[in-house]
Amino acid sequence: MSQELSIEELEKRFQEKIDAEIKIEPNDWMPDDYRKTLIRQISQHAHSEIVGMLPEGNWITRAPSLRRKAVLLAKVQDEAGHGLYLYSAAETLGADREETIDDLHSGKAKYSSIFNYPTLSWADMGTIGWLVDGAAIMNQVPLCRCSYGPYARAMVRVCKEESFHQRQGFEIVTKLAQGTPEQKEMAQDSLNRWWWPSLMMFGPSDADSQHTAQSMKWKIKRNTNDDLRQQFVDITVPQAELIGLTIPDPDLKWNEERQSYDFGEINWDEFNQVIRGNGPCNKKRIEDRRNAKENGKWVREAALAHAEKRKMKKAV
Ligand code: BYC
């Protein structure tokens with residue numbers, strides 16, 4: 001039937017479906033740019049989950065107790081799972097998984113800026129859970145209502161797991177903040193280093209965001225970058241106060257009129273440098289992912305050889 005309709009008519013019907021909150025499924029007609037936008041966002045998101053395993057994986061062998069180690073291992077494994085759901089969701093749009101991953105390894109594809117910062121102390125495991133997973137939840141809960149069905153459904157499970165990640169992180173930071181003066185200092189130092197990069201996770205300001213307007217029209221995104229960033233600040237500042245830590249922003253102030261916090265200017269030069277590949281750990285992250293693929297080659301080859309052997313056995 002779609003062949004009989006003009007592109008304009010197809011686009012009109014597509015937008016009507018979106019406006020009526022009807023999910024778009026893989027075999028439905030969709031504009032090329034809708035498909036491209038989703039492949040871009042979902043694959044960047046998948047890469048972020050996989051690269052996001054590295055800064056925390058770095059601390060698994062140094063976790064301070066068996067309990068902390070088990071929890072951290074589970075969290076890092078959850079992130080691998082999130083990456084896999086997301087690569088699968090991108091495949092439903094026609095993306096080739098190997099090519100998508102090659103784009104990450106060649107430096108062509110983006111992933112979240114936040115994972116280009118180093119994890120220098122155990123407190124960073126707490127702060128990442130508290131702030132980074134906290135920001136991820138703020139951004140991803142609305143994505144559960146994304147117009148594209150497979151992405152929206154993947155997000156439901158991801159968000160449930162992210163909530164557990166956020167809680168375990170906040171628990172680590174709370175314990176440190178209530179510990180010895182050295183432990184409290186470690187927690188404060190970690191907050192000082194992760195606060196601004198966490199705010200950058202939400203992306204450029206609305207005035208500079210290239211994709212937000214169209215993505216909101218298509219209901220891929222449900223909120224603007226600045227809107228989510230503000231919600232994150234409003235929720236997180238009282239949490240820091242509760243555990244006696246100070247947000248490293250001299251301009252942070254409650255605005256009675258707006259019933260919201262005013263906060264200082266983000267260093268957009270730093271953000272732009274990091275997303276262009278010049279952050280503190282960009283090169284190391286890509287190198288680690290490339291090595292992981294290379295080191296896993298024998299597993300893929302063995303699995304393929306095994307599959308071939310089974311196929312031959314069945315054929316006999
Ligand atoms: N880092 O027009 P804009 C997680 C890029 S959480 C790097 O606003 P859009 C995890 C953007 O891609 C993190 N690049 O774009 C948590 C675009 O470049 P291109 C992952 C960024 O797409 C804990 C350009 O800047 N979450 O995984 O409308 C543990 C202009 O931006 C960033 C997601 O991916 C950034 N922070 O909005 C483990 C959530 N911000 O593509 C893992 C899904 C912007 O034109 N994604 N850019 O070259 C989204 O919601 C949206 O893609 C964004 C950006 C809000 C991130």
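Visitor: Let me start with the second largest pocket: which element gives the largest share of its lining?

Guide: That is helix 5, which contributes 5 residues to the lining. Before we go on, please keep in mind that this is a predicted model.

Visitor: Noted. How much space lies in that second largest pocket?

Guide: About 370 Å³. Its lining is made up of 15 residues, and those closest to the centre are I50, L84, Y87, I101 and R289. Helix 4 (66-91), helix 5 (97-105) and helix 12 (282-295) are the elements that each supply two or more lining residues.

Visitor: And by class, what is in the lining of that pocket?

Guide: There are 8 nonpolar, 2 polar and 5 charged residues in the lining of the second largest pocket.

Visitor: You mentioned helix 12. Take K283 in that helix: is K283 buried or exposed, and why?

Guide: K283 does lie in helix 12. K283 counts as exposed because its relative accessibility is 63%, and the cut-off for exposed is over 50%.

Visitor: Let's change topic. How many cavities of 30 Å³ or more does a search of the whole structure find?

Guide: The search finds 1. The largest cavity holds about 40 Å³ of space. Its lining consists of I18, E21, I22, K23, R145, C146, S147, K219 and R222.

Visitor: How do those lining residues divide by class?

Guide: For the largest cavity, the lining has 5 charged residues, 3 nonpolar ones and 1 polar one.

Visitor: Tell me about E21 from that list. Where is E21 placed?

Guide: E21 is in the loop between helix 1 (7-19) and helix 2 (32-51). Its phi is near 65 degrees, which is a positive value in a residue other than glycine. As background, most residues other than glycine have a negative phi.

Visitor: What about K219, what is its phi?

Guide: K219 has a positive phi too, of about 55 degrees, although K219 is not a glycine. You will find K219 in the loop between helix 9 (212-217) and helix 10 (225-242).

Visitor: Why does K219 count as buried, and why does E21 count as partly exposed?

Guide: K219 is buried because its relative accessible area is 16%, and buried means under 20%. E21 has 43% relative accessibility, so E21 counts as partly exposed.

Visitor: Helix 10 came up just now. How many residues does it have?

Guide: Helix 10 has 18 residues. From first C-alpha to last it reaches 26 Å, close to the 26 Å expected at 1.5 Å a residue. Its buried residues include L228, F232, V233 and V237.

Visitor: What do the buried residues of helix 10 pack against?

Guide: They pack against helix 6, helix 8 (181-200), helix 9, strand 2 (260-262) and helix 11 (268-278). Just after helix 10 comes G244, with a positive phi of about 75 degrees.

Visitor: And L245, where is that found?

Guide: L245 sits in the loop between helix 10 and strand 1 (253-255). L245 counts as buried because its relative accessibility is 5%. Leaving aside neighbours within four places in sequence, L245 is in contact with W130, V173, A177, K184, A187, Q188, L191 and A240.

Visitor: How far is L245 from A177?

Guide: They are 68 residues apart in sequence and 7.2 Å apart in space, C-alpha to C-alpha.

Visitor: One more loop residue, please. Which residues does S113 touch?

Guide: Not counting residues up to four places away in sequence, S113 touches M200, M201, F271, V274 and I275. S113 is in the loop between helix 5 and helix 6 (123-140), and it counts as buried, at 6% relative accessibility.

Visitor: Now the whole chain. How many helices and strands does it have?

Guide: The protein chain has 13 helices and 2 strands. Its radius of gyration is 21 Å, close to the 20 Å that the globule rule gives for 316 residues, so the chain is as compact as a globular protein of that length.

Visitor: What share of its residues count as buried?

Guide: Of the 316 residues, 48% count as buried.

Methods. Residues numbered from 1 in each chain as written. Predicted model: local features only at pLDDT ≥ 70, side-chain atom pairs only at ≥ 80, totals over all residues. Heavy atoms only, no water. 1 Å grid on protein atoms, 1.4 Å probe; cavity = no way out; pocket = protein on both sides within 12 Å on 5 of 7 lines; lining within 4 Å. Points joined across faces, edges and corners; volume = space filled by probe spheres on them. Nonpolar A, V, L, I, M, F, W, Y, C, P; charged D, E, K, R; others polar. Helix = DSSP H or I, 4+ residues; strand = E, 2+ residues; numbered from the N terminus. Buried < 20%, exposed > 50% of the residue type's maximum accessible area, 1.4 Å probe, protein only. Contact = heavy atoms within 4.5 Å. Expected span 1.5 Å × (residues − 1). Rg over C-alpha atoms; globule rule 2.2 N^0.38 Å.
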